[in-house]
Amino acid sequence: GIDARYWGTRDTGIGRYVKELVENLESIDNVNNYVIFLTKKNFGLYQPKNKNFQKKLADIKWYSLAEQLEMGKIVDQEKADLCHFPHFNVPLFCKTPYIMTIHDLILRHFPTSAASAKNPVIFYLKYLFYNLILKNALRRAKKIIVPSYFVRYDIIKTFKIDPDKIRVIYEGLAALPQKDLGEDCLKQKGIGNKYILYVGNAYPHKNLERLVAAFEILKKEEPELQMVLVGKRDYFSKRFEKDIKILRYQDIKYPNIQISQYPNILFYGYASDEELATLYKHARLYVFPSLMEGFGLPPLEALSFGLPSAVSDIPVFHEVLGEAAFYFNPRETSDIAKIIKDSLNNNGKRNKILEEGTKLLARYNWQKNAIQTKEV
């Protein structure tokens, strides 16, 4: 069994992880039989191509009380030899043996109500529940899959889990469409010829406030430079917009074909795969100032379009990107600004990073991920 209720969700990388895993398992496994659990929303998105794969409706909202009380029963009814839960939210009363994937422990390390749209009391109650579910799930799991050695070490250190129980399986790089919508499309959105790019959400650990402060420093020396922030508009992005306006940074606009003067900072909102490919192709640099990640897919996506990245000097990025990135201290605004400036102007280093990136990308393959997951 595979819990695929996240399939197709645009606001989480887990949705892509589940989709790629199931589709690649279909292409490599003609021996085992699989039951894929889906919700009403995504039931029609998955059409099995392998006769050993079948769909099962499990219309249970994730992170809900119903998930804890009902999801385990639905899984147990199938009498599977094993179930794979792709996240921490394993039902407490599930009797079926299972493996699980833990993508990161970010919520554990950033337990702040600022990371939630809930009021503080509800947030801390949910945080306590999260810890209960996570600890119980880790203890009962037959094996735990993680996307990096950094996350493996973090789980061992935080929860004293037996190291032999945890398997590192790198995630893959999905092929975005190569179609280029062109510079005219970007100009209609208010994007000029020289911009740095961020793709992701606006959660507190993403450290976007320091990125904005660094950009203010850069603008004094690079007046034509823009910053384009791509990501779904939600509670966090709206709050971030409000916060940086409070900091008197007023030159912020949303995409509008009437724009006559390009804004310094542009909130693009959600981008389709074709729009994202176009944004990567025409950007000067991808910037990722996060304080913590479990893997970090966007810099790899950027590299696949010949775009170098400037990223936080944190262990997981060194593990995943190696020499194929510029690194800055994410807690020092002046260093972020300095490294971004160097990244834009040092063509020799940029070319070397792109050469390293070409070799690096072969390591991150979804079929390889599926093969190793099948072994587990």
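Student: About how much space lies in the second largest pocket?

Tutor: This is a predicted model, in which local features need pLDDT of at least 70 and side-chain atom pairs count only at pLDDT 80 or more, while totals for chains, interfaces and linings use all residues. Residues are numbered from 1 along each chain as its sequence is written, and side-chain values use heavy atoms, with hydrogens and water left out. On a 1 Å grid over the protein atoms alone, a pocket is an open set of points with protein on both sides within 12 Å along at least five of seven lines, and its volume is the space filled by probe spheres set on the points, which are joined across faces, edges and corners. For the second largest pocket that space is about 450 Å³.

Student: Which residues are the closest to the centre of the second largest pocket?

Tutor: A lining residue has an atom within 4 Å of a grid point, and 19 residues line this pocket. The closest to the centre of the second largest pocket are Gly1, Asn32, Asn33, Tyr34 and Leu82.

Student: Which strands and which helix each supply at least two residues of the lining of the second largest pocket?

Tutor: Helices (H or I, at least four residues) and strands (E, at least two) are DSSP runs, numbered from the N terminus. By class, the lining of the second largest pocket divides into nine nonpolar, seven polar and three charged residues, where Ala, Val, Leu, Ile, Met, Phe, Trp, Tyr, Cys and Pro count as nonpolar, Asp, Glu, Lys and Arg as charged, and the others, Gly among them, as polar. The elements that each supply at least two of the lining residues are strand E2 (34-38), strand E4 (83-85) and helix H14 (366-375).

Student: About how much space lies in the largest cavity?

Tutor: A cavity is a set of grid points where a 1.4 Å probe fits but cannot get out, and the count comes to one cavity of 30 Å³ or more. The largest cavity is lined by 16 residues, of which Gly200, Leu229, Gly231, Ser237 and Phe267 lie nearest its centre, and strand E9 (226-230), helix H8 (235-246) and strand E11 (265-269) each supply at least two residues of its lining. The space in the largest cavity is about 130 Å³.

Student: Why does His103 count as buried, and what is its relative accessibility?

Tutor: His103 is found in the loop between strand E5 (98-101) and helix H3 (106-109). Buried means under 20% relative accessible area, exposed over 50%, and partly exposed in between, with a 1.4 Å probe and protein chains only. His103 counts as buried because its relative accessibility is 11%.

Student: Which side chain does the side chain of His103 join through a polar contact of 3.2 Å?

Tutor: A polar contact is a pair of N or O atoms within 3.5 Å; within protein, one must be able to donate a hydrogen and the other to accept it, and residues adjacent in sequence count only if both atoms are side-chain atoms. The side chain of His103 also reaches the backbone oxygen of Pro86 at 2.8 Å. At 3.2 Å, the side chain of His103 is joined to that of Glu171.

Student: Is Lys160 buried or exposed?

Tutor: Lys160 lies in the loop between helix H5 (149-159) and strand E7 (166-168), and it has a positive phi of about 55° although it is not a glycine. Its side chain reaches the backbone oxygen of Lys157 at 3.0 Å. With a relative accessible area of 67%, Lys160 is exposed.

Student: How many of the ten residues of helix H9 are buried?

Tutor: Helix H9 spans residues 273-282 and is mostly covered, and its buried residues pack against helix H6 (183-188), strand E8 (195-199), E9, E11, strand E12 (285-288) and helix H10 (298-304). Glu275, Leu276, Ala277, Thr278, Leu279, Tyr280 and His282 are buried. Of the ten residues of H9, the buried ones number seven.

Methods:
Contact means heavy atoms within 4.5 Å.
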